[in-house]
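Please look at the sequence and the 3D structure shown here, and keep both in view while you read. The report that follows goes through the sheet, the helices beside it, the cores and a few single residues.

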Amino acid sequence: MQIIKDWNLYLESISSERDWASFGRQAINFFDRKANLVKGPISSREYHYILQKCHDWIERSEEYRDWEEQTELFSYSVGGGEGYKPSFSSEDDIFWYLDKIAKMLGGKVNFCDMGCGLGEVVYFSQRLGMQAMGVEYVRILEPLHQELGIRVEYGDFFNMDLGFLGKQDIVYMYQPVSELNAQLRLLDLVWSNTNKGCVFVFNYMPVDLVVEVERRGKFNLYKLTEHSHPDSENMYLMTKKQ
């Protein structure tokens, strides 16, 4: 597709180190020119409503609470009974970026969240018109996913058939595994199972992972957000090198 060719040429044109800090703003201008989009696809109110709904489900689920007490895995409950209250700004809002990338790709966009957790990113990507799905290790969350009306495949990334990734246009990850070697292994699997035109969005990408991805040279890597502290985890967009 010409739009993807334009996108790749644009990325190559601003890929120098000194341009990374301003990539987000440059991408905004590019997306607006190409797709004539507007800001704010998901309101803060709607976002918090869905996350509160997830929190309420957790509070009701005895099975989940029993699992949470016994597991060493990351859990999703929220203390204090106040529900999720994340920061929400149009500058680094993941849905703002996903909406623009999807509209730029055009057509029916297939989206996959690797390690979807509660499923809110899958829910809102579906809400934005994408053919969205998630992959999640914790099957106890299945009733919540059904309540949200989202499609999720359950299993261990490293022991399941990832052939469905070949149909994806956008693959999203929010630290689906915690250790660096496992993160690199997962990226190798994602690389092997996706097509050339796939776009990868890694939210809060660990600094040591960024260093290793750059060193290995399998992905074009572009920073979408810029936090002031050098050790802060930023949002990155990646495309495959061929």
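## Strands 1 and 2

Met-114 has Val-135 of strand 2 standing opposite, and the two strands concerned, strand 1 (residues 110–114) and strand 2 (residues 131–136), run parallel and are joined by five bridges. Helices (H or I, at least four residues) and strands (E, at least two) are DSSP runs, numbered from the N terminus, and two strands pair if DSSP finds at least two bridges between them.

This is a predicted model, in which local features need pLDDT of at least 70 and side-chain atom pairs count only at pLDDT 80 or more, while totals for chains, interfaces and linings use all residues. Residues are numbered from 1 along each chain as its sequence is written, and side-chain values use heavy atoms, with hydrogens and water left out.

## The sheet and its helices

The open sheet has seven strands in the order 3-2-1-4-5-7-6, and its pairing is mixed. Strand 3 (151–154) and strand 6 (219–223) stand at the edges with a single partner strand each, so one side of each has no neighbour in the sheet. On average, neighbouring strands are turned by 20 degrees against each other, direction ignored.

Helix 5 packs on this sheet and touches strand 1, strand 4 (170–173), strand 5 (199–205) and strand 7 (234–240), and the direction of helix 5 makes about 170 degrees with that of strand 5. Helix 9 (residues 207–216) lies across strand 5, strand 6 and strand 7, and runs at about 145 degrees to strand 5. For such angles, axes are lines fitted to C-alpha atoms, for helices over the stretch in contact, and the angles run from 0 to 180 degrees between N-to-C directions.

## Strand 7 and its partners

Strand 7 is joined to strand 5 by five bridges, and these two strands run antiparallel; strand 6 and strand 7 also run antiparallel, with five bridges between them. Tyr-236 is the bridge partner of Phe-202, and Lys-223 also stands opposite Tyr-236.

In a regular strand the side chains alternate between the two faces of the sheet. In strand 7, Asn-234, Tyr-236, Met-238 and Lys-240 point one way, whereas Met-235, Leu-237 and Thr-239 point the other way, and all are buried. Here buried means under 20% relative accessible area, exposed means over 50%, and partly exposed lies in between (1.4 Å probe, protein chains only).

## Two nonpolar cores

A nonpolar core is a set of buried Ala, Val, Leu, Ile, Met, Phe, Trp, Tyr and Cys residues joined through side-chain atoms within 4.5 Å. Which residues touch the most other members of the largest nonpolar core? Among its 43 residues, they are Phe-95, Leu-98, Phe-111, Met-130, Ile-170 and Val-201. Helix 5 (residues 94–105) gives the largest share of this core, eight residues. A second, separate core has 26 residues, including Leu-165, Phe-200, Met-205 and Leu-209.

Val-201 can be followed in more detail, where contact means heavy atoms within 4.5 Å. Not counting residues up to four places away in sequence, Val-201 touches Ile-94, Leu-98, Ile-101, Ile-170, Val-171, Tyr-172, Met-173, Met-235 and Tyr-236.

## Aromatic rings

Nine aromatic pairs are found in a search of the whole structure. Rings of Phe, Tyr and Trp (its six-membered ring) pair if their centres lie within 6.5 Å, and planes under 30 degrees apart count as stacked, over 60 as edge-to-face and the rest as tilted. Phe-157 and Phe-158 form an edge-to-face pair, because their ring centres are 6.5 Å apart and their planes stand at 85 degrees. Trp-57, Tyr-64 and Trp-67 form one aromatic cluster.

Val-177 is found in the loop between strand 4 and helix 8, and counts as buried at 14% relative accessibility. Leaving aside neighbours within four places in sequence, Val-177 is in contact with Phe-157, Phe-158, Ala-182, Gln-183 and Leu-186. The C-alpha atoms of Val-177 and Met-114 are separated by 9.6 Å, although these residues are 63 residues apart along the chain.

Gln-175 lies in the loop between strand 4 and helix 8 (180–193), and is partly exposed, with a relative accessible area of 28%. Its phi is near 40 degrees, which is a positive value in a residue other than glycine. Tyr-204, which lies in strand 5, is not a glycine either, yet has a positive phi of about 55 degrees.
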